[in-house]
Structure formats: C-alpha cells, structure tokens
Amino acid sequence: MTCLKCCFWCLEKFIKFLNRNAYIMIAIYGTNFCTSARNAFFLLMRNIIRVAVLDKVTDFLFLLGKLLIVGSVGILAFFFFTHRIRIVQDTAPPLNYYWVPILTVIVGSYLIAHGFFSVYGMCVDTLFLCFCEDLERNDGSQERPYFMSPELRDILLKGSAEEGKRAEVE
C-alpha cells in the first residue's frame, strides 16, 4: 500500500508539472492540449539542467519571501495584540490569551503569500519556456537575433557562453 501511495504521489506531481507547462504552451501557440504537453515536455527535457537550477533557485527565493512576509506579519500581530504599539493601543482588544489570534493571522498571511507567489511562479515558468523557445529558434546572429532582453540573456546564458569560449580555445 505504501509503495502504491508513493507511485501515485509521483504520478500526481508529474501530471501537475505537465499540466502547468502544457497550459503555458497553449497560451503561447494556441495548439491543443496533447500537442502542447508533448512540446513543453520535450522542450524542458532538452534543457533539463537549466530547469533544475531555475526550479531550485526560485523555490528558495519564494521560501525566503514567504518567511519574510509571514515573520513580519507575525511580529506585527504580536506587538498589536500585546499592546506594544502605542499608536494602536486603544484599537486592540484586551485579550487574556493572545496566541490564537496571532496564529490565525500567521496562517492567513501564509495562505495569502502562497497565493501571490504561485502567480509569480507561473510567470517565472512562462518566461523560462519563452527563453528556451527563443534559444531553439534563434542563434543570436543578424538574421535570427534573440528576442530576449540583454539582461536575461546575460543571466541565463552565462554558463553557455563560458562553455563556448572554452570550445573556441580548444
């Protein structure tokens, strides 16, 4: 039973990953779901190292963002409910046990931050798929220039440029 749970969990994660990128490709090209899912999957598999690095970096940054938001809102809620902010002392209700409202505010702030960061995550995935498409369709020459911004090209092509320089030297 545990093995089946693990297999179904892996299948669910894969389907969610596939759906997200398939919907992005549908929005870009307007093709049907199966074609878009296949194109997105193979595009990401051709850039698997970049996918892994980008995924881990964005997950870490989103975690830091959520912790910063939840921590700052939690500290403000603590100061508010314990009457330590002089400006709003009169508006805060007198409480005997103030941890329940503080924990409620913390959970609520986490849910709101998670919702906002999931939108940013979709934007990052969309930009990354567009970046990968631009790399495959264009080569940076005068006839087929890149459409990405120079800043994005400098950040994401840093490893490829160094590999190209090494190949030219050899």
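The lining of the largest pocket comprises 13 nonpolar, 5 polar and 8 charged residues (nonpolar: Ala, Val, Leu, Ile, Met, Phe, Trp, Tyr, Cys and Pro; charged: Asp, Glu, Lys and Arg; polar: the others, Gly among them). The model is predicted, with local features requiring pLDDT of at least 70 and side-chain atom pairs pLDDT 80 or more, whereas totals for chains, interfaces and linings use all residues. Residues are numbered from 1 along each chain, and side-chain values use heavy atoms, without hydrogens and water.

A pocket is an open set of points on a 1 Å grid over the protein atoms alone, where a 1.4 Å probe fits, with protein on both sides within 12 Å along at least five of seven lines; lining residues have an atom within 4 Å of a point. The largest pocket holds about 810 Å³, the space filled by probe spheres set on the points. Among its 26 lining residues, Arg20, Asp55, Thr58, Asp59 and Asp125 are closest to the centre. Helix α3 gives the most to this lining, with 11 residues; helices are DSSP runs (H or I, at least four residues).

Aromatic rings pair if their centres lie within 6.5 Å (planes under 30 degrees apart stacked, over 60 edge-to-face, the rest tilted), and 11 aromatic pairs result. Phenylalanine 78 and tyrosine 98 form an edge-to-face pair, with centres 5.8 Å apart and planes at 65°. Phenylalanine 78 belongs to helix α3 (residues 48-81), and tyrosine 98 to the loop between α3 and α4 (99-137), 20 residues apart. The rings of tyrosine 98 and tryptophan 99 are tilted, at 5.4 Å and 35°. Phe78, Phe79, Tyr98 and Trp99 make up one aromatic cluster.

How values were computed:
Rings of Phe, Tyr and Trp (its six-membered ring) pair if their centres lie within 6.5 Å; planes under 30 degrees apart count as stacked, over 60 as edge-to-face and the rest as tilted. Helices (H or I, at least four residues) and strands (E, at least two) are DSSP runs, numbered from the N terminus.
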